[in-house]
Amino acid sequence: MMTSSSTSRGAAIRLARCAKTFADGTRALEPLDLSIEAGETLVLLGPSGCGKTTTLRIIAGLEAPDAGGTVTFDGVDVTRLPIEKRHVGMVFQSYALFPNMSVVENVAYGLRVRGIAKAERLRSAAEVLEMMRIAPLAARRIDQLSGGQRQRVALARALAVRPRAILLDEPLTALDAALREHLRTEIDALLRSLAITAIYVTHDQAEALALGDRIVVMRQGAIAQIGTPREVYFQPADAFVAGFVGTTNRLDGSRRDGRFETAAGAIAHAGADSAKTALAFRPESARICRPEEAPLRFTVTQVHFLGPRQRVVLTAGDTRIIVEAGPQEPLFVGDVVGLILDPSCLVPI
Amino acid sequence: MGTNPLVFAFQLLVTLIAAAFLVVPAVTSILAGVTVNYFQGVRSGLTLDWVAQVWGLYAPTIFRSIALALGTLAVTLLIGVPAAWALVRKPGRLTRLVEEIVTLPVAIPGLALALALILAYGGIRAFRASDAFILVGHVLYTLPFMLRAVMAVLAAVDVRTLEEGAASLGASPWQRFIQVVVPAARPGILAGSLMVVTLSIGEFNLTWMLHTPLTPTLPVGLADSYASMRLEIASAYTLVFFLMIVPLLLAIQFAGRDRRATDRKARP
């Protein structure tokens with residue numbers, strides 16, 4: 001049964017030298033190598049136009065890579081196979097549900113084109129609907145469903161054919177924030193319980209961090225960094241990755257005798273690379289304290305009370321950073337505060 | 001809700017004008033077809049003799065027209081729906097050019113189009129003398145209407161993504177076309193079909209040139225009866241025309257009825 005499977009049912013996917021140039025000469029993707037392990041959830045993250053959707057479509061078989069590029073599933077070359085022969089499940093941002101079919105007919109469609117008898121395919125579809133907890137919707141028409149229900153149906157339809165990999169193209173982008181977070185948790189649990197190879201395209205870093213076993217950050221048709229969510233978050237490869245994933249503070253300064261001198265004061269930091277003249281850190285790597293307790297001093301310029309915490313904007317000269325504080329800490333605009341940085345979380349950039 | 005008397009007066013005026021130019025002439029014409037003597041008016045009595053005479057004289061013409069309309073519909077469906085699919089799938093300069101060329105016969109006067117057809121293929125006697133010659137003209141003239149109606153619907157439902165969804169589930173191009181594209185295009189196919197059938201049955205311009213004395217159609221016969229017979233017969237002809245075309249249009253509407261609309265009504 002689909003729900004009780006714990007061993008991996010997914011394919012290992014490998015892209016080698018896959019580039020994509022469109023007919024009008026636009027280079028959507030630089031030659032790219034990528035391997036996805038069986039059962040892994042890989043997130044392709046980046047701003048629009050970074051090549052993440054093109055990469056997904058090459059894996060799906062909806063686009064062919066430029067000559068020389070190859071796509072293999074479990075070591076078998078599938079570069080020339082069209083999508084209908086690759087046995088992948090696909091979920092689209094616009095859902096792409098068939099308006100002329102009911103929910104259960106949509107979910108059973110993949111089994112129908114495989115020539116499976118009606119009674120059997122309806123039973124299989126009902127099982128998947130049960131798993132997605134949308135069984136009561138089976139007889140509904142697509143135009144009677146909400147956005148969240150549609151996306152569940154789309155996911156059920158893709159999973160019903162037991163694909164070798166499931167490919168999700170911005171599946172939650174069309175939904176509102178609360179529903180997005182709810183469905184994200186659900187999709188995460190589902191992908192993990194099925195242990196299916198999943199490739200998930202998004203421009204939302206929160207989604208990427210929450211869902212991915214690994215994240216591929218892409219920029220202008222090339223890979224900027226591949227790593228686990230923690231690696232990408234805490235050790236961003238460059239300023240682009242640091243800026244794209246999470247909130248990042250940038251502290252400009254210069255090095256002298258093992259010290260890093262900034263507009264707010266000097267701290268001890270033994271950086272090997274003196275070419276890099278800035279340190280990056282996350283808001284949660286810094287702690288506000290009394291001014292005499294730390295070498296760095298800032299002036300509070302904005303305080304946002306968010307409930308469980310406060311978001312505080314600090315300035316010193318031209319330097320402007322964002323840090324977080326507990327909800328009870330008495331902080332007021334104009335206060336001078338000290339700042340303690342966790343040395344292990346400082347990234348020279 | 002209070003109605004502005006000025007708005008009411010305007011609505012009444014529009015309704016009366018519509019009635020005066022749409023309903024009154026139709027009723028007058030139908031009435032003339034069942035009047036014993038039109039010049040004496042309805043006082044002379046009502047009769048079905050004229051209708052019977054029209055039927056006796058023109059029944060084969062009427063059946064030819066219906067067959068031609070259905071034939072034109074079949075050809076435009078077979079060509080138009082796949083062509084619309086292809087044009088929507090790959091939008092570009094070439095497809096726009098194809099669309100323009102296909103639309104051209106609507107802009108060119110029917111007489112010129114017919115003349116061109118006769119010049120090019122009139123020499124093939126068997127073809128020139130057959131109903132197929134008229135069929136070709138009607139297809140040329142009505143195809144853009146089918147094409148545009150289907151293209152508009154396919155573009156609105158984002159058929160490319162629907163098709164990609166079907167393909168990802170393993171559907172072959174043929175299965176995609178029959179099971180996903182055609183049902184998605186259904187409202188466009190219905191609208192296009194209504195256009196094609198009504199245009200083909202009423203078409204006079206082209207047909208006047210393309211027909212032979214042995215292959216007249218309804219409008220050509222109508223012109224003939226107006227020109228050469230009593231006004232009552234011509235009017236009875238109009239009545240027969242109505243009786244033929246109204247059930248046909250209703251049948252197409254019924255066949256293409258949107259299932260979703262009826263289901264929505266049944267929804268709790």
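## A walk through chains A and B

Let's start with chain B, whose secondary structure comes to twelve helices and zero strands. Helices here are DSSP runs of H or I with at least four residues, strands are runs of E with at least two, and both are numbered from the N terminus. Read along the sequence, then, chain B goes α-α-α-α-α-α-α-α-α-α-α-α. This is a predicted model, where local features need pLDDT of at least 70 and side-chain atom pairs count only at pLDDT 80 or more, while totals for chains, interfaces and linings use all residues. As for labels, residues are numbered from 1 along each chain as its sequence is written, and chains are lettered from A and ligands numbered from 1 in the order in which they are written.

Staying with chain B, its C-alpha atoms fill a box of roughly 75 × 70 × 35 Å along the principal axes. Of its 268 residues, 34% count as buried, meaning that 20 or more other C-beta atoms, placed from the backbone, lie within 10 Å of the residue's own. Two residues are in contact if their C-beta atoms, again placed from the backbone, lie within 7 Å. Among the chain B contacts with a separation of 6 or more, 76% join residues 24 or more positions apart. An unreviewed UniProt entry annotates residues 62-252 of chain B as "domain: ABC transmembrane type-1"; such annotations may be inferred rather than shown by experiment, and their positions are given in the numbering used here, with feature names shortened. Over that stretch, chain B is 86% helix and 0% strand, with its end C-alpha atoms 18 Å apart.

Now for chain A, which has eight helices and 20 strands. Its C-alpha atoms fill a box of roughly 80 × 50 × 40 Å, taken along the principal axes. Buried residues make up 40% of its 349 residues, and 65% of its contacts with a separation of 6 or more come from residues 24 or more positions apart. Here the UniProt annotation, also from an unreviewed entry, is "domain: ABC transporter" over residues 13-245. That part of chain A is 36% helix and 24% strand, and its end C-alpha atoms sit 25 Å apart.

Helix α4 of chain A (residues 147-160) is worth a stop. Its 14 residues reach 20 Å from first C-alpha to last, close to the 20 Å expected at 1.5 Å a residue, where the expected span is 1.5 Å times one less than the number of residues. How many of the 14 residues of α4(A) are buried? Eleven are, leaving the helix mostly covered; among them are A:Arg150, A:Gln151 and A:Leu155. The cover includes β6, α2, α3 (118-131), β7 (165-169) and α5 (177-194) of chain A. Just after α4(A), A:Arg162 takes a positive phi of about 50 degrees.

Further along, strands β17 (310-316) and β18 (319-325) of chain A pair in the antiparallel sense over seven bridges; strands count as paired if DSSP finds at least two bridges between them. One such pair of bridge partners is A:Leu314 and A:Ile321. The two strands form a hairpin with two residues between them, and A:Gly317 in the turn has a positive phi of about 65 degrees.

Finally, look at where the chains meet. The contact takes 22 residues from chain A and 19 residues from chain B. On the chain A side, the elements giving two or more residues are β6 (88-91) and α2 (103-113). The residues on that side divide into twelve nonpolar, five polar and five charged; Ala, Val, Leu, Ile, Met, Phe, Trp, Tyr, Cys and Pro count as nonpolar, Asp, Glu, Lys and Arg as charged, and the others, Gly among them, as polar.

Notes
Buried ≥ 20, exposed ≤ 12 C-beta atoms within 10 Å, placed from the backbone.
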